[in-house]
Amino acid sequence: MAEDKKAEGKYEGASLNNLLIYTFRTNPLIERVRVVYPELFIFGKLKADLVVFKNKLIKEKPKLILGFAIGKTSQFEKIAVNRFNEKKIVRDGAESFELFIPDNAFKSSIKPTGSFCNWTIYQLANFIAENKLDCKLIFVHVEEKDYLNLLELIKKF
């Protein structure tokens with residue numbers, strides 16, 4: 001994943017069977033997304049749920065992971081950075097990981113998020129790199145009014 005020189009474009013070969021989608025327990029879109037993707041993984045207790053999700057990655061070997069959260073604007077995150085609350089997330093981890101950005105109507109972020117979203121994205125990107133998993137990682141912040149665009153994005157996979 002960190003070796004990707006260009007992480008934008010179409011992703012061929014994924015299907016709902018090769019896709020894992022996650023969000024956070026505070027997301028008001030959970031039930032709307034479950035209509036399209038019933039297996040939606042919900043992060044509630046971040047550290048405990050991260051262990052469960054990592055085990056799911058090893059077991060299911062998805063080709064694509066899509067994380068999403070509510071945002072002030074609808075945009076894809078370009079990178080996950082090794083920073084949270086002014087500290088490194090992983091002591092000897094890479095400074096950042098480039099994320100996959102599919103062809104879509106959403107724009108890309110100008111700067112990385114510093115929230116729990118980034119913490120989770122970075123942890124997953126680092127895990128994918130350490131375990132040499134053949135998996136792309138996408139994260140998108142979505143305005144609630146744009147949730148239909150998110151559903152269309154999911155259906156493309």
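## What covers helix H2

In this predicted model, the cover over the buried residues of helix H2 includes strand S2 (19-24), strand S3 (41-43), S4 and helix H3 (116-130). Which residues of H2 are buried? They are Leu46, Asp49, Leu50, Phe53 and Leu57. These residues span an arc of only 110° around the axis, so they sit on the same side of H2. Lys47, Asn55 and Lys59 are exposed on the other side of the helix.

## The length of H2 and its end

H2 holds 15 residues (residues 46-60), which at 1.5 Å a residue should span 21 Å; the end C-alpha atoms are 20 Å apart, so the two agree. Just after H2, lysine 61 adopts a positive phi of about 50°.

Let's move on to a single residue. Serine 74 is found in the loop between strand S4 (64-70) and strand S5 (75-76). Is serine 74 buried or exposed? Its relative accessibility is 8%, and because buried means under 20%, serine 74 counts as buried.

The side chain of serine 74 has polar partners to look at. One is the side chain of aspartate 146, with a polar contact at 2.5 Å. Another is the backbone of glutamate 143, whose nitrogen lies 2.9 Å from a polar atom of the serine 74 side chain. Once neighbours within four places in sequence are set aside, serine 74 is in contact with Phe106, Lys107, His141, Val142, Glu143 and Asp146.

## The chain as a whole

Stepping back, how many helices and strands does the chain have? There are 4 helices and 10 strands, and from the N terminus on they follow the order β-β-α-β-α-β-β-β-β-β-β-α-β-α.

Of the 157 residues in the chain, 49% are buried. The accessible surface amounts to about 8,600 Å², and carbon and sulfur atoms account for 50% of that surface. Contacts reach across the sequence too: among those between residues at least 6 apart, 76% join residues at least 24 apart.

Note on methods:
Residues numbered from 1 in each chain as written. Predicted model: local features only at pLDDT ≥ 70, side-chain atom pairs only at ≥ 80, totals over all residues. Heavy atoms only, no water. Helix = DSSP H or I, 4+ residues; strand = E, 2+ residues; numbered from the N terminus. Buried < 20%, exposed > 50% of the residue type's maximum accessible area, 1.4 Å probe, protein only. Polar contact = N/O pair within 3.5 Å; in protein donor to acceptor, adjacent residues only side chain to side chain. Contact = heavy atoms within 4.5 Å. Areas by Shrake-Rupley, 256 points an atom, 1.4 Å probe, with all protein chains shown as cover. Expected span 1.5 Å × (residues − 1). Arc of directions from axis to C-beta.
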